Number of protein chains: 4
Amino acid sequence: MRSQPGGTTSRDERGVVMANEASVAAAGPVHELPLILMSDSRGIQPTTVKGRKTRKRLVESARVVFERDGFLNARVADIAKEAGVSHGTFYTYFDSKVEIFRVIVADVMSLVWDANHDTTGNDSLSALGRIERANRGFIRIYRENGSMLALMEQAVGYDKEVREIRLAVRQVSVDRIRRSVERMQREGIGGADVDPAICAAALVSMVSNFVYFWLILGEGDYDEDLAVATLTNMWASALHMST
Amino acid sequence: MRSQPGGTTSRDERGVVMANEASVAAAGPVHELPLILMSDSRGIQPTTVKGRKTRKRLVESARVVFERDGFLNARVADIAKEAGVSHGTFYTYFDSKVEIFRVIVADVMSLVWDANHDTTGNDSLSALGRIERANRGFIRIYRENGSMLALMEQAVGYDKEVREIRLAVRQVSVDRIRRSVERMQREGIGGADVDPAICAAALVSMVSNFVYFWLILGEGDYDEDLAVATLTNMWASALHMST
Amino acid sequence: MRSQPGGTTSRDERGVVMANEASVAAAGPVHELPLILMSDSRGIQPTTVKGRKTRKRLVESARVVFERDGFLNARVADIAKEAGVSHGTFYTYFDSKVEIFRVIVADVMSLVWDANHDTTGNDSLSALGRIERANRGFIRIYRENGSMLALMEQAVGYDKEVREIRLAVRQVSVDRIRRSVERMQREGIGGADVDPAICAAALVSMVSNFVYFWLILGEGDYDEDLAVATLTNMWASALHMST
Amino acid sequence: MRSQPGGTTSRDERGVVMANEASVAAAGPVHELPLILMSDSRGIQPTTVKGRKTRKRLVESARVVFERDGFLNARVADIAKEAGVSHGTFYTYFDSKVEIFRVIVADVMSLVWDANHDTTGNDSLSALGRIERANRGFIRIYRENGSMLALMEQAVGYDKEVREIRLAVRQVSVDRIRRSVERMQREGIGGADVDPAICAAALVSMVSNFVYFWLILGEGDYDEDLAVATLTNMWASALHMST
DNA sequence: AATGAATGAGCGTTCATTCAT
DNA sequence: GATGAATGAACGCTCATTCAT
């Protein structure tokens with residue numbers, strides 16, 4: 001959900017999403033997608049409609065091939081074949097195999113980023129309700145994009161840019177939670193020996209890594225509702241929120 | 001504390017060596033190192049003293065090269081060169097590059113396993129003290145073996161055996177914690193909507209993944225004591241232990 | 001002094017345009033630029049003014065790119081980019097990369113050819129003065145077009161047409177000198193064991209190759225006046241001219 | 001003719017030619033082949049006899065392929081095939097195509113270098129006789145190695161190392177001639193406005209470039225004796241030697 | 001047990017040229 | 001004339017693994 005509520009977005013000629021003035025005025029702080037997540041800012045941008053179609057087809061095909069073969073086994077030739085274009089055409093749009101991989105990673109991670117910025121209807125939810133909602137959203141995204149997210153976690157180890165994307169997106173969640181913990185500490189909730197930054201990072205790790213082992217590595221066959229409830233419950237307990 | 005005499009072992013269907021009940025009854029909690037973690041069971045075992053020395057040198061060299069270049073960039077030729085033997089000699093002792101990698105992973109993971117089984121002096125510690133002790137130990141091991149642990153986390157994505165090692169070791173911690181949670185639930189502590197297995201898995205994820213982002217990906221520059229205190233505190237809260 | 005009106009031309013079997021005797025008789029020594037040096041005879045000729053401008057811009061850009069990257073590393077895409085036209089437009093005017101290269105080579109070599117035919121004011125010069133003048137002119141052209149001349153010398157090795165241009169231009173000088181030597185031999189100057197053709201070729205080699213090593217390969221940091229004086233002196237000595 | 005008269009040579013374990021003490025004592029200044037010309041110092045040196053044979057076969061095959069196809073069109077695969085080894089074996093001995101090319105260039109140029117250092121029997125020759133002898137030797141080497149020498153002249157334009165080899169070998173001749181001219185100038189022979197360095201360079205250019213056009217580019221069909229006589233005669237005249 | 005030569009499949013990338021619009 | 005997308009042949013190089021000695 002990239003678009004902001006109560007406003008319209010457009011893309012300038014460079015393909016960068018621009019919030020128009022009305023939306024900014026109406027919705028207050030608009031959360032611009034960080035540059036690092038803009039997949040359109042990567043690779044060569046085609047000028048013609050035909051070119052844009054071909055590029056899009058390549059990205060879709062690459063995703064299919066990456067999910068099927070993994071990044072390392074994926075061959076550019078296969079991606080091109082899958083897209084129905086010649087081998088050389090791939091390089092009309094992307095500098096290398098890793099570049100198109102980053103495009104897809106940015107796409108998937110922007111979903112995670114969006115989930116963290118989607119506050120639609122949050123007003124009617126309690127603090128706990130918001131956490132539950134976020135956790136459920138995270139699980140959904142992992143279910144739908146598990147293969148690519150798994151490949152991304154690997155790539156963190158060998159590609160600097162993927163690592164930066166990974167850290168940037170994580171940072172969004174960590175920062176928000178940290179501020180929440182700080183607020184609570186000011187209000188007298190939570191122990192003094194809990195560092196807000198560490199606590200926030202640990203909570204994000206708890207959820208994301210649990211889901212990784214559950215849905216990607218197949219650690220257990222848990223019930224989703226139970227998982228959401230347990231995670232939310234633990235989260236609340238760790239933050240000393242009254243459940 | 002790699003192996004203990006005085007018990008028999010068997011393998012469960014997942015290939016994990018399990019201490020049978022008899023041995024447990026006879027020798028108290030005996031913690032046999034699972035076969036999957038026995039690095040000596042991998043690769044060709046030399047018969048002569050010289051051979052054993054060469055094999056050892058290769059393992060040490062491989063670790064140096066892997067930590068320096070990563071698994072993918074590491075070349076067998078470099079490992080052999082580092083060990084001062086010819087390229088071909090490598091294959092006298094190991095079937096492949098990934099095989100020697102697994103040996104090292106098993107070595108490092110057995111340290112983690114040991115840490116989880118080292119109950120020396122635990123009698124004098126409170127439940128919370130034991131958790132703190134375990135967390136601190138985990139951080140220490142990550143500090144000392146971070147490079148290899150990072151490589152292992154990547155390899156989980158593309159090597160089945162590494163994945164099995166990873167899951168087996170994790171399972172040890174998860175199971176213990178699960179039993180602990182179950183006990184507490186029987187004693188009326190902890191909410192009913194907390195699933196013991198999920199809770200245990202989430203706690204392990206919380207600690208291990210936080211440390212990964214902290215020490216490997218350099219997420220923050222936290223104070224170790226503060227980190228240990230915060231993690232232990234959160235753990236206790238999640239389990240509704242009185243602190 | 002690229003072309004002179006008032007004569008007809010024909011082509012000898014080597015494709016070199018020769019002024020016929022009638023035209024020579026009528027207009028004095030007319031020096032038609034050989035067809036092989038006419039860069040306008042190469043590539044597709046545009047009909048519109050705009051087209052001619054584009055073609056010219058491409059030639060200028062190509063020269064910039066060739067001098068910067070060399071012939072082999074130069075890419076047609078770069079030439080087009082430098083000229084501010086699309087990649088495909090290049091092929092509206094030139095058949096291939098080597099074709100535009102030949103155009104530039106022909107342009108540069110026609111300068112050399114001109115220098116050899118520029119007899120303006122020669123009447124007031126002694127034979128030695130003319131040689132000095134020619135040598136100095138040659139050096140000047142090499143200074144101003146060194147990069148392209150160096151590329152041409154290389155291309156001689158792999159492009160038949162460039163080789164023909166190279167030989168045709170050289171031939172002009174060699175022939176003139178040969179005739180001069182023959183005249184002197186008839187007048188009793190110069191040893192009988194000196195072959196006029198070989199002598200002429202050797203003298204041309206002496207000057208051109210010396211300048212190549214000096215100005216292109218940076219063999220020495222010679223003073224230009226000294227170089228001209230030395231070359232002229234050696235030339236005179238070789239021809240047994242009284243200095 | 002790499003070996004020095006009146007002495008023996010041997011190769012140390014690195015394959016470097018060493019003049020033994022006796023030869024030094026007997027023959028005075030021994031002319032060590034410059035490192036840049038030692039083809040054995042390039043590429044990977046095999047340890048075993050089999051390896052040395054294979055490497056040698058590759059060099060011979062590469063020469064065949066280069067002479068047939070030129071450097072640019074030559075493919076490593078063809079070189080390997082010609083040598084009867086697999087594609088990968090090529091890279092056991094040479095880092096790249098250009099590396100084996102340099103080996104051959106160094107080999108050929110060391111012949112030229114040798115020719116410049118071969119003073120066998122020079123005692124019985126007049127100064128002019130020595131020049132004639134050198135010129136004839138040069139022509140012979142060009143006849144026998146023309147293809148490779150032509151390729152080398154091209155490569156001078158795009159390979160730094162080949163250029164260095166080319167300049168180094170030329171320098172040997174230039175320096176010797178320069179000293180000779182300086183000596184003559186001290187003895188009152190030769191004009192004051194002749195710079196020894198320029199004169200020497202020009203003479204070397206005269207011979208080498210004339211031979212290049214003659215034997216490589218096929219400029220003329222000269223008689224060898226007449227060419228030698230003419231060149232030597234011109235040389236003598238330029239140096240004001242009495243013929 | 002050790003050596004090091006030999007293998008050869010594998011793949012990413014380049015870029016001159018063509019072509020549909 | 002101009003555009004720029006599409007083509008696809010071409011090739012250098014890597015390196016894990018095997019094998020003869």
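Tutor: Two residues are in contact if their C-beta atoms, placed from the backbone, lie within 7 Å. This is a predicted model, in which local features need pLDDT of at least 70 and side-chain atom pairs count only at pLDDT 80 or more, while totals for chains, interfaces and linings use all residues. Residues are numbered from 1 along each chain as its sequence is written, and chains are lettered from A and ligands numbered from 1 in the order in which they are written.

Student: Which element gives the most to the side of chain A that touches chain B?

Tutor: The contact between these chains takes 38 residues from chain A and 38 residues from chain B. On the side of chain A, at least two residues each come from α2, α6 (127-155), α7 (160-186), α8 (196-216) and α9 (224-238), where helices are DSSP runs (H or I, at least four residues) and strands are runs of E (at least two), numbered from the N terminus. With eleven residues, the element that gives the most is α8(A).

Student: How do the residues of the side of chain C that touches chain D divide by class?

Tutor: Here 38 residues of chain C are in contact with 38 residues of chain D, and α8(C) gives the most to the side of chain C, with eleven residues. Ala, Val, Leu, Ile, Met, Phe, Trp, Tyr, Cys and Pro count as nonpolar, Asp, Glu, Lys and Arg as charged, and the others, Gly among them, as polar. By these classes, the side of chain C that touches chain D has 21 nonpolar, twelve polar and five charged residues.

Student: What percentage of the contact residues of chain C recur in chain D?

Tutor: A rotation of 180° with 0.0 Å of shift along its axis superposes chain C on chain D, with an RMSD of 0.1 Å, and this is therefore the relation of a two-fold axis. In chain C, the C-alpha of C:Met206 is nearest the axis, at 1.9 Å. The same surface serves both copies, and the share of chain C contact residues that recur in chain D is 100%.

Student: Which element gives the most to the surface near DNA strand F?

Tutor: DNA strand F is surrounded by 40 residues, with A:Gly51, A:Gly88, B:Val76, B:Ser96 and C:Gly88 the closest, and a residue is near a strand if its C-beta atom, placed from the backbone, lies within 6 Å of it. By class, this surface has ten nonpolar, 24 polar and six charged residues. With four residues, the element that gives the most is α4(A).

Definitions and conventions
Copies are superposed by least squares on the C-alpha atoms of residues with pLDDT of at least 70 in both.
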